[in-house]
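Take a slow look at the chain below before reading on. We will walk through its pockets, its sheet and its helices in turn.

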Amino acid sequence: MPRIMRKSSSNSPRKAFTLLELLVVIAIIGILAGLMFPATTGALRKAERAHAENTAYNLKNAISAYFTEYRKYPVDAKMEETEPIRSDKVLMDVLLGSDSAAERGGLNPRRIAFYTDKAAKPAGDGKFRKGVKLESDGGGELWDPYTDYYYVRLDLDYNNRTKKPDWDESESEFIPESVLIWSAGKDNLEEEIKDNIKTW
């Protein structure tokens, strides 16, 4: 019986990509990546804005819960309504229930944690972003996604209205709310209102 001879694979031409084909594939990948970049950047911007809005409302709710508990706001009673309040250590120590806020004469003697959040991420130059930078005494600072504190304005006259910030373009001088929270947005400039985030 005759044996069937098989062709040796070493004689067949090898299949491989040419340099031109590789360059075309790389060019296509580059074009697709270029098209995806703006979409990804836009999605990240929207996610940061949504995070800032949620945190602002959570801070507003924490201040409202404090008011319900103590029948006052978590600031010095002598403070004027238009004095700047930020989500720095002064305010957040009270809302986080720090040791100093629980001391005699402190603003949170029952040491209730009215606010909780994830740990803030370091952003360099002593700044943080997206969360609470917690201190060893239980206090801390609340940072927005843009490496800045939130702004807070309270109805310290207890008349159920709060003077609007200067950058707000609404006609009325007052907002019919007791707690106003806002962030200056990505540019960290209140006057540039297009990216400001607010709770009213």
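**Pockets, sheet and helices**

Strand β6, residues 151-154, gives the most to the lining of the second largest pocket: 3 residues. Keep in mind that this is a predicted model. The second largest pocket holds about 160 Å³ of space. Its lining has 13 residues, and those closest to its centre are Tyr151, Arg153, Pro165, Trp182 and Glu190. Sorted by class, the lining of this second pocket has 7 nonpolar residues, 1 polar and 5 charged.

Now turn to the largest pocket. Its volume is about 200 Å³. Here 15 residues form the lining, with Pro74, Val75, Asp76, Val90 and Leu91 closest to the centre. Which element gives the most to the lining of the largest pocket? It is α2, with 4 residues. By class, the lining of the largest pocket counts 10 nonpolar, 1 polar and 4 charged residues.

Next comes the sheet. Strands of a sheet pair through backbone hydrogen bonds, and the pairing can be parallel or antiparallel. In this model, 4 strands form an open sheet in the order β1-β6-β9-β10, and the pairing is antiparallel. Why is one side of β1 and of β10 left without a neighbour in the sheet? Both β1 and β10 (197-198) stand at the edges, and each has a single partner strand, so one side of each has no neighbour there.

Strands β1 and β6 run antiparallel and are joined by 2 bridges. Isoleucine 85 stands opposite valine 152 in β6. A helix packs on this sheet too: α1 touches β6, β9 (179-183) and β10. The direction of α1 makes about 155 degrees with that of β9.

Follow α1 to another partner. Helix α1 spans residues 19-70, and it packs with α2 at an angle of about 65 degrees. The axes of the two helices are 10 Å apart. The crossing of α1 past α2 is left-handed. From α1, the contact uses Leu59, Ala62, Ile63 and Tyr66; from α2, it uses Met92, Val94 and Leu95. What classes do the residues of this contact of α1 with α2 divide into? There are 7 nonpolar residues, no polar and no charged.

One more pair of strands remains. Strand β4 covers residues 131-134, strand β5 covers residues 140-143, and the two pair in the antiparallel sense over 4 bridges. Glycine 131 stands opposite tryptophan 143 in β5. Together, β4 and β5 form a hairpin with 5 residues between them. Find glycine 138 in the turn: this residue has a positive phi of about 95 degrees.

Methods:
Residues are numbered from 1 along each chain as its sequence is written. This is a predicted model: local features need pLDDT of at least 70, side-chain atom pairs count only at pLDDT 80 or more; totals for chains, interfaces and linings use all residues. Side-chain values use heavy atoms; hydrogens and water are left out. On a 1 Å grid over the protein atoms alone, a cavity is a set of points where a 1.4 Å probe fits but cannot get out, and a pocket is an open set with protein on both sides within 12 Å along at least five of seven lines; lining residues have an atom within 4 Å of a point. Grid points are joined across faces, edges and corners, and a volume is the space filled by probe spheres set on the points. Ala, Val, Leu, Ile, Met, Phe, Trp, Tyr, Cys and Pro count as nonpolar, Asp, Glu, Lys and Arg as charged, and the others, Gly among them, as polar. Axes are lines fitted to C-alpha atoms, for helices over the stretch in contact, and angles run from 0 to 180 degrees between N-to-C directions. A crossing is left-handed if the near helix is turned anticlockwise from the far one by less than a right angle, and right-handed if clockwise. Contact means heavy atoms within 4.5 Å. Two strands pair if DSSP finds at least two bridges between them.
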